[in-house]
Amino acid sequence: MGKFCANCGGRLIKKAVTLDQHWGEQIVVFEDVPAKVCKDCQAIWRSCEVLESMDRILTQNVKPEKKLAVPVWSLTNRLKNAA
Ligand SMILES: [Zn+2]
């Protein structure tokens, strides 16, 4: 990974980020993920090592540091103009 964003050419800043993603029926969260974040378009770039590590954690069912309870709302009956 270079110093510039492959999307927009913006400058990349090293940062530890928190990422959430869907995993089957679950939402999973990764904290303290080393990444480079584009100053301009906010794209997040992770190294192969980081991606592989996240993949391993998910596929090998590694015990998480903690669990979060996540509230879910359906908007079906909450919107006046629901289609
Ligand atoms: Zn960018």
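## Exposed residues and positive phi

Leaving aside its neighbours within four places in sequence, aspartate 20 is in contact with Ile27, Val28 and Val29, where contact means that the C-beta atoms of two residues, placed from the backbone, lie within 7 Å. The structure is a predicted model, in which local features need pLDDT of at least 70 and side-chain atom pairs count only at pLDDT 80 or more, while totals for chains, interfaces and linings use all residues. Residues are numbered from 1 along each chain as its sequence is written.

Aspartate 20 belongs to strand S1, which covers residues 12–23; helices (H or I, at least four residues) and strands (E, at least two) are DSSP runs, numbered from the N terminus. The C-alpha atom of aspartate 20 is separated by 14 Å from that of arginine 46, a residue 26 places away along the chain.

A residue is called buried if 20 or more other C-beta atoms lie within 10 Å of its own, exposed if 12 or fewer, and partly exposed in between, with C-beta atoms placed from the backbone. Aspartate 20 is exposed, because 12 other C-beta atoms lie within 10 Å. Two further exposed residues are listed here.

| Residue | Other C-beta atoms within 10 Å |
|---|---|
| Aspartate 32 | 8 C-beta atoms |

Most residues other than glycine have a negative phi. Aspartate 32, in strand S2 (residues 26–38), has a positive phi of about 55° although it is not a glycine. Asparagine 61, in the segment after helix H1 (48–59), likewise has a positive phi, near 55°.
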